[in-house]
Amino acid sequence: MSVSNSQGINTLLDAEREAAKIVQKAKQYRVQRAKDARLEATKEIENIKAQKNAEYQSFVAQVLCFFKSGE
């Protein structure tokens, strides 16, 4: 095996290692984005639940007030 062949193989191995690092970082980024999206969706759901609960409580208060005034 000549020196240039050895250098070529080493260059390819280095490129393969670098590509593996890039792929690993991309996977980590994708997983983190999924976690962030899940967390954001959970927060949004909680906000909507709180809003709908407040609307419901207001409606119940209005209905009770209506029935009490009708007595």
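Over residues 12-51 the chain is 100% helix and 0% strand, with the end C-alpha atoms 58 Å apart. Helices here are DSSP runs of H or I with at least four residues, strands are E runs of at least two, and both are numbered from the N terminus. This is a predicted model: local features need pLDDT of at least 70, side-chain atom pairs count only at pLDDT 80 or more, and totals for chains, interfaces and linings use all residues. Residues are numbered from 1 along each chain as its sequence is written, and side-chain values use heavy atoms, without hydrogens and water.

The stretch 12-51 comes from UniProt, where an unreviewed entry lists it as "coiled-coil region". UniProt positions follow the numbering used here, feature names are shortened, and annotations may be inferred rather than shown by experiment.

Now the charged pairs. A salt bridge puts a side-chain nitrogen of Lys or Arg within 4 Å of a carboxyl oxygen of Asp or Glu. The count is three.

Take R17 and D14. Their side chains meet at 2.6 Å, N to O. The two lie three residues apart in helix α1 (residues 3-70), so about one helical turn separates them. D14 is partly exposed at 47% relative accessibility (buried is under 20%, exposed over 50%, partly exposed in between; 1.4 Å probe, protein chains only).

K49 pairs with E46, with the closest N and O atoms 3.9 Å apart. Three residues of helix α1 again make about one helical turn between K49 and E46. K49 is exposed at 52%, whereas E46 is partly exposed at 43%.

K52 and E55 form a salt bridge at 3.5 Å, N to O. They too are three residues apart in helix α1. K52 is partly exposed at 48%, and E55 is partly exposed at 40%.
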